[in-house]
Amino acid sequence: MNFPIPVFFISSVVFVLFLAMKRGKQTRRQENTNEAFLERERQANATRKKDISNLNYLPYTADALLLDEDADEELSQYVKILKDLSGRKMLNLSMYSNTDLKLMYGPANLNELSECDNNYHLLSDTLLNYAERENTLQRYEAAISILEYAMSLRIDSSRIYLMLARLYDEQNTPEKIQDIFHALSSMDDSFTSHVLPKLRSSHIEE
């Protein structure tokens with residue numbers, strides 16, 4: 001005697017087959033991704049060392065800043081870092097992976113490039129912290145001076161430009177905000193597209 005196959009059973013089988021096919025595609029896709037990464041890494045590790053002496057290093061020098069290490073214990077710590085960073089090579093390489101850097105300049109340069117990137121971000125953080133501390137101490141001109149120097153270096157920290165714009169407003173010099181927009185116009189679009197909406201949402205007109 002033939003019994004009819006329940007619809008639920010058929011649906012379950014179809015669903016299981018569908019999941020198996022989907023899982024198989026995902027597995028193959030992941031395998032292809034892994035193979036591509038390993039091949040790219042192999043090529044990167046085989047790249048010859050390139051000359052990095054003429055890269056666009058950040059022209060930072062502590063001599064350009066009016067640093068007051070006696071004003072406050074916290075400020076003195078920032079001053080020490082800023083002076084220590086003076087003369088070091090700096091590059092913003094956060095948009096590149098280690099594999100990218102090895103492909104571009106060779107694995108022999110990776111440690112030096114990583115140090116350049118670390119120096120850049122330490123400078124960025126320290127300039128911002130220094131300015132925030134000056135602002136807390138109500139030394140607004142000093143805070144603005146630090147932020148303006150960071151802007152002149154085109155440091156890509158959104159908090160630097162937002163804080164500077166706010167201080168311009170608070171110090172009744174909103175016309176200087178145009179300088180911020182001018183600086184941002186010469187920076188990478190991936191950064192400015194993140195900062196500009198925040199500036200405009202603060203009722204700052206370009």
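The legends below describe close-up views of a predicted model. Local features require pLDDT of at least 70 and side-chain atom pairs pLDDT 80 or more, whereas totals for chains, interfaces and linings use all residues. Residues are numbered from 1 along each chain as its sequence is written, and side-chain values use heavy atoms, with hydrogens and water left out.

**View 1. Helix H6 and its surroundings.** Helix H6 spans residues 158-170 (helices are DSSP runs of H or I with at least four residues, numbered from the N terminus). Its 13 residues reach 18 Å from first to last C-alpha, close to the 18 Å expected at 1.5 Å a residue (the expected span being 1.5 Å times one less than the number of residues). Among the buried residues of H6 are Ile160, Leu164 and Tyr168 (buried, under 20% relative accessible area; exposed, over 50%; partly exposed, in between; 1.4 Å probe, protein chains only). Helices H4 (110-136), H5 (140-152), H7 (177-185) and H8 are included in what covers the buried residues of H6 (contact, heavy atoms within 4.5 Å). Just after H6, Asn172 adopts a positive phi of about 60°.

**View 2. The salt bridge between Arg40 and Asp100.** The closest N and O atoms of this pair are 2.5 Å apart (a salt bridge places a side-chain nitrogen of Lys or Arg within 4 Å of a carboxyl oxygen of Asp or Glu). Because Arg40 belongs to helix H1 (residues 7-45) and Asp100 to helix H3, the pair ties together parts 60 residues apart in sequence. Arg40 is partly exposed at 36% relative accessible area, while Asp100 is buried at 18%.

**View 3. The salt bridge between Arg139 and Glu134.** These side chains meet at 2.4 Å, N to O. Glu134 is buried, with a relative accessible area of 1%, and Arg139 is partly exposed, with 29%.

Conventions
Helices (H or I, at least four residues) and strands (E, at least two) are DSSP runs, numbered from the N terminus.
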